[in-house]
Amino acid sequence: MSTVSSAVRESSESDLQVNMTNTEEPETGLSASIGMTEMPDDPSTMYVPYSDDIVGDPDTGVVHGGVITALLDSASGHAVRDGKPRGDEISIATLDLRIDYMRPADPGQTIYARADCYKKTKNVAFVRAWAFHDDPDDPIATSVGTFMLGTRNTPRETSS
Amino acid sequence: MKILQELRDTGRGHDMQALVEAIPYAKFLGVSVDRKGNELTTVMPFRERLIGNPTLPAIHGGVLGAFLEMTAVIQLLFDTSCERLPKTIDISIDYLRSGRPMDCYGRAFVTRHGRRVANVRSEVWQEEKSRPIAAAHGHFLLAPID
């Protein structure tokens, strides 16, 4: 399996900016707030650059597991949607996500996640994903998840 | 682990609010701990940065996952004495209802803990505790104080 390291080195600041404005989430949402970005030519691969805000263990500087959850969830969602932006016709909702941690993330390093939607039925999509630094074969964490297809994606009424 | 040792040394071994303030991502998400006797409830007040899907709008699934994991760890640290923060081995999250743009509350229960591993489950709700928006269970590797 090829590594993303060469693709990573080619990504530039300008790609980061382009991707930030192309993501469906608002500039004030979680993705933008932690700098979660899609790889320019591969929406099923996303990354989060290291920052002090996302640390889970203040003594080691290791990133919080919840950031990995967000990465794996987002990458999985993109894999289900084949990279197309969210719209009424391709709306999905996560049913469940199971994450196994192989090793702690390295402090200071960008974390990548890649997802593969390996089965879609009429109602459900099945996705596996993995989070890594330079080598997808040495993952930080792996996940499996299921997504409900064709869910409502229109603004809900304000009263419950 | 310095932070846990520091809390114990200053008599705040059970001060989960002090602990959560020392965890950057917990602070980033705005998580706090409300303690009544020995009952802990985690609180995550709504803020824009928690949003995933802006159309509905809904809280990001990763944020709910993080909140569930934090709630589990906080309960675990309250119930056991650890050298360092427990390490998540695995966590399984069920998404039950979409999270609305309002405050979230969490509770966890340590199903079992042995010397090295603990099994904890947690839930998050918004308007009604009996209608959780997500639930999780996970295994955590402990570093108990001998």
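What does the accessible surface of chain B come to, and what share of it belongs to carbon and sulfur atoms? From there, please turn to helix α4 of chain B.

Guide: This is a predicted model, and in it the accessible surface of chain B comes to about 6,500 Å², with 48% of that area belonging to carbon and sulfur atoms. The secondary structure of chain B consists of 4 helices and 8 strands, and, read from the N terminus, the order of its elements is α-α-α-β-β-β-β-α-β-β-β-β. The radius of gyration is 15 Å, close to the 15 Å that the globule rule gives for 146 residues, so chain B is as compact as a globular protein of that length.

Helix α4 of chain B covers residues 61-79, and its 19 residues reach 27 Å from the first C-alpha to the last, close to the 27 Å expected at 1.5 Å a residue. Of those 19 residues, 18 are buried, which means that α4(B) is largely enclosed by the rest of the structure; buried here stands for under 20% relative accessible area. An α-helix has 3.6 residues a turn, so residues three or four places apart point the same way.

Returning to the chain as a whole, the C-alpha atoms of chain B fill a box of roughly 50 × 25 × 25 Å along the principal axes. Among its contacts with a separation of 6 or more, 60% come from residues 24 or more positions apart. As for charge, chain B has 19 positive and 17 negative charges, whose mean positions are 2 Å apart.

Conventions:
Residues are numbered from 1 along each chain as its sequence is written. Chains are lettered from A and ligands numbered from 1 in the order in which they are written. This is a predicted model: local features need pLDDT of at least 70, side-chain atom pairs count only at pLDDT 80 or more; totals for chains, interfaces and linings use all residues. Side-chain values use heavy atoms; hydrogens and water are left out. Helices (H or I, at least four residues) and strands (E, at least two) are DSSP runs, numbered from the N terminus. The expected span of a helix is 1.5 Å times one less than its number of residues. Buried means under 20% relative accessible area, exposed over 50%, partly exposed in between (1.4 Å probe, protein chains only). The radius of gyration is taken over C-alpha atoms; the globule rule is 2.2 Å times the number of residues to the power 0.38. Contact means heavy atoms within 4.5 Å. Accessible areas come from the Shrake-Rupley method with a 1.4 Å probe; for residues, only the protein chains shown count as cover. Lys and Arg count as positive and Asp and Glu as negative; His and the chain ends are not counted. The place of a charge is taken as NZ of Lys, CZ of Arg, CG of Asp or CD of Glu.
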